[in-house]
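Keep the structure in view as you read.

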Amino acid sequence: MAARPAIWQLRAVRLALVGKPFARKYAAVTSNTPVQTWPHQAQFGNIHDDQVARLAAQPLHSLALADLVRHGRPPLSAEALFASANFILSLLPIRLAHRIQALRNLPFIVVSNPHIARIYNNYVHSLSTLLPYQEHRITNLQEEIQFTEVMADLVQTHSNTIPVLARGFLECRKYISAGDVTRFLDEHLRTRIGTRLIAEQHIALHLSSQPHSCGPKISQEHGQSSHIGVIDTALRPAEIIRHCEAFVGEICELKYGVRPTVVINGQPDTLLTHVPTHLEYIITELLKNAFRATVESGKEKEPVVITIAAASNSPNTPSVATKSFKSESQLLDAASIPGVTIRIRDRGGGISPEVLPSIWAYSFTTFADDDVRDMNNNRNTGTANGNTDALNAISGAGGDSSSLAGLGYGLPLGRAYAEHFGGGIQVQSLWGWGTDVYLELKGLGN
């Protein structure tokens with residue numbers, strides 16, 4: 001790894017490039033950033049400014065669950081795998097170019113930060129590896145195998161984006177406002193959800209199909225799986241809730257010595273077509289908040305009550321695949337997509353009116369200063385006014401998901417996961433009593 005550039009070096013680069021073409025500024029940033037190696041090397045020079053501008057000018061395709069299952073249930077034929085790969089090639093370069101352009105639109109001193117420059121480099125690298133495949137359609141198994149390896153590289157390259165960005169923005173807090181950080185992160189993380197999901201879906205379809213002569217055969221003795229790639233067409237939310245309850249309960253008992261119980265009522269046998277990992281993340285974050293509030297308010301003997309209510313099918317409504325949307329976060333018509341609503345009710349005393357407006361901000365957490373200092377190994381993480389925000393917490397924790405307080409990213413990121421396919425999260429607090437959180441998830445539809 002190359003040494004981190006000194007401050008005077010970055011200033012010299014900035015002064016030397018004043019008035020120069022836009023792309024040269026960012027070429028200087030990437031050349032002074034610590035070197036990272038990738039399994040699939042690509043030359044950054046292969047991407048020209050006009051290529052990024054041309055791709056970034058194209059609208060983002062609003063990803064729907066129907067897009068991810070359109071190629072059928074595995075094992076797929078070779079032709080279906082080719083169709084999946086070519087569909088991804090029509091989406092990913094545009095998505096990556098949008099993020100590169102958004103990073104370039106940040107103040108130059110912010111992009112000069114080594115952590116944010118690293119993320120910029122990652123996106124440029126990923127686009128570099130994809131562009132050669134976009135020049136022609138994938139039509140044979142060898143190309144599809146190579147393309148799947150590129151998808152695995154992309155997933156691995158961007159696996160640590162959130163804590164790296166958080167650390168970068170923490171170091172640049174003097175040069176960019178909290179509101180601008182929240183807006184950037186909200187758009188960036190929402191787009192990242194879809195980008196990662198597209199890549200993981202093709203990898204899963206590839207591994208579960210393997211139409212190669214030397215590949216493993218798919219066993220049929222246990223019947224047909226309910227999974228289509230990373231999508232579970234028979235997902236049972238109650239099972240996810242119980243799994244998350246066990247995980248969060250262990251954390252709670254380790255920290256406080258007790259854990260609340262969870263009661264599931266309503267329609268616990270409800271089935272839904274959705275992404276299990278998304279639901280698991282959302283439920284985990286919501287239970288962290290509910291368990292912590294319940295125990296710290298002295299109500300650990302009061303159960304956390306979770307109600308599952310299935311949405312009814314509405315006849316004569318268009319399929320999700322026939323609808324068009326302005327943005328990925330736009331809510332879909334509830335009548336056209338069957339889904340489920342999950343209410344999580346706790347007796348943890350509610351959320352104070354002063355705190356309630358801030359719960360959706362990426363720069364907010366309910367951690368006490370002492371908790372954050374302990375978590376960060378006594379690093380000084382307090383802000384100027386003595387409060388602590390999520391950028392401090394998550395960058396010091398390295399993205400550790402075992403922290404009970406959720407690190408301030410839990411609610412906004414969980415809402416981004418829910419809204420990605422047309423759902424959402426709403427919070428109703430009765431100060432002094434408790435909190436109801438309504439999680440709405442949309443399924444596949446007809």
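Predicted model: local features only at pLDDT ≥ 70, side-chain atom pairs only at ≥ 80, totals over all residues.

An α-helix has 3.6 residues a turn, so residues three or four places apart point the same way.

Now look along the helix itself. Helix α9 covers residues 141-157, 17 residues in total. From its first C-alpha to its last, α9 reaches 24 Å, close to the 24 Å expected at 1.5 Å a residue.

## How α9 meets α11

Two packed helices are described by the angle between their axes and the distance between the axes. For α9 and α11, the axes come within 9 Å and cross at roughly 140 degrees. Angles over 145 degrees would count as roughly antiparallel, so α9 and α11 are oblique to each other. The crossing is left-handed.

Which residues meet here? From α9 come E144, I145, F147, T148, M151, A152, L154 and V155. They meet T195, R196, A199, E200, H202, I203 and H206 in α11.

## A second pair: α12 and α13

Helix α12 (residues 237-256) and helix α13 (residues 276-296) have axes that come within 8 Å and cross at roughly 40 degrees. Angles under 35 degrees would count as roughly parallel, so this pair is oblique. Here α12 passes α13 in a right-handed crossing.

Residues of α12 that take part include I240, C244, F247, V248 and Y256. On the α13 side, the residues they meet include L279, I283, L287, F291 and V295.

## A residue in a strand

Let's turn to V427, found in strand β7 (residues 424-430). V427 and L439 are 12 residues apart in sequence, and their C-alpha atoms are 8.9 Å apart in space. Leaving aside neighbours within four places in sequence, V427 is in contact with I351, L356, I359, W360, T435, D436 and V437.

## The whole protein

Finally, step back. The protein has 16 helices and eight strands, and 51% of its 446 residues are buried. Among contacts between residues at least 6 apart in sequence, 81% join residues at least 24 apart.

Note on methods. Residues numbered from 1 in each chain as written. Heavy atoms only, no water. Helix = DSSP H or I, 4+ residues; strand = E, 2+ residues; numbered from the N terminus. Expected span 1.5 Å × (residues − 1). Axes fitted to C-alpha atoms, helices over the stretch in contact; angles between N-to-C directions. Parallel < 35°, antiparallel > 145°, perpendicular 65-115°, else oblique. Left-handed = near helix turned anticlockwise from the far one by under 90°. Contact = heavy atoms within 4.5 Å. Buried < 20%, exposed > 50% of the residue type's maximum accessible area, 1.4 Å probe, protein only.
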